[in-house]
Amino acid sequence: MRLAVILTITVALVAVIFILGSGAINTNNQDADAGTSTSTDTGISTSTEPNIGPKEITIIMSGQNGSGQAGVARITEVEGRAKVTLQLAGGPNNISQPSHIHDGTCQILGAVKYPLTTVRNGASETILPISFDGLTNKLPLAINIHKSLSETDVDMSCGDIRANL
């Protein structure tokens, strides 16, 4: 009976650590202090080794206002700066579409935080003047794509930036 209680408490603590995104669990986006790795009975490996994997967030871009324009945005780190790559389908051809990173979420867009390179034929790539970690420290943020330069009040696609835990 006592062993069952101890095991239940241990599993619960591991679950809480996982949910809170503690630095004790090595994720793709969190650096940890140098140390050792261990494995628990739950199959979850914990590590205090430095994270050497690439930093990346993938954002699902969903069509807005019946546009059907959807796709993927990726934020990576290149030479210490955040790089945003957009790949969208279902949008207009040969039309420049303004795009931005906004404060807030797609539900409640705030002010423009960072302008992105205009989307043209579904693609855009921007190097931001901020690091990957600097950007993720400013969450919640959302990427928003507008219909055209003359119709910036019409949203075509949006995706919430969420840290991968």
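**Disulfide and buried serine in a predicted model**

Biologist: In this predicted model, a disulfide joins Cys106 to Cys158, with an S to S distance of 2.1 Å. What makes this pair a disulfide?

Modeller: The sulfur atoms of Cys106 and Cys158 are 2.1 Å apart. The cut-off is a pair of cysteine sulfur atoms within 2.5 Å, so Cys106 and Cys158 qualify. A search of the whole structure finds one disulfide.

Biologist: Why is the disulfide of Cys106 and Cys158 called left-handed?

Modeller: The torsion about the S-S bond is about -95°, so the disulfide is left-handed.

Biologist: Which parts does the pair tie together?

Modeller: Cys106 lies in the loop between β6 (96-104) and β7 (109-120), and Cys158 in strand β10, so the pair links parts that are 52 residues apart in sequence.

Biologist: Why is Cys106 called partly exposed?

Modeller: Cys106 has 22% relative accessibility.

Biologist: How do you know whether Cys158 is buried or exposed?

Modeller: Its relative accessibility is 3%. Buried means under 20%, so Cys158 counts as buried.

Biologist: Ser157 also lies in strand β10, residues 151-161. Why does Ser157 count as buried?

Modeller: Ser157 has 0% relative accessibility. The limit for buried is under 20%, so Ser157 counts as buried.

Biologist: What makes the approach of the Ser157 side chain to Ser62 a polar contact?

Modeller: The side chain of Ser157 reaches the backbone oxygen of Ser62 at 3.3 Å. The cut-off is a pair of N or O atoms within 3.5 Å, where one must be able to donate a hydrogen and the other to accept it. The value for Ser157 and Ser62 therefore meets the distance limit.

Biologist: Which other backbone oxygen lies by the side chain of Ser157, and at what distance?

Modeller: That of Gln69, 3.2 Å from a polar atom of the Ser157 side chain. This value is also within 3.5 Å.

Biologist: Which residues does Ser157 touch, leaving out those up to four places away in sequence?

Modeller: Among them are Met61, Gly63, Leu88, Ile143 and Asn144, as well as Ser62 and Gln69.

Biologist: How many helices and strands does the protein have, and in what order?

Modeller: There are two helices and ten strands. From the N terminus, the elements run α-β-β-β-β-β-β-β-β-α-β-β.

Biologist: What percentage of the residues of the protein count as buried?

Modeller: Of the 165 residues, 33% count as buried.

Note on methods
Residues are numbered from 1 along each chain as its sequence is written. This is a predicted model: local features need pLDDT of at least 70, side-chain atom pairs count only at pLDDT 80 or more; totals for chains, interfaces and linings use all residues. Side-chain values use heavy atoms; hydrogens and water are left out. Helices (H or I, at least four residues) and strands (E, at least two) are DSSP runs, numbered from the N terminus. Buried means under 20% relative accessible area, exposed over 50%, partly exposed in between (1.4 Å probe, protein chains only). Contact means heavy atoms within 4.5 Å.
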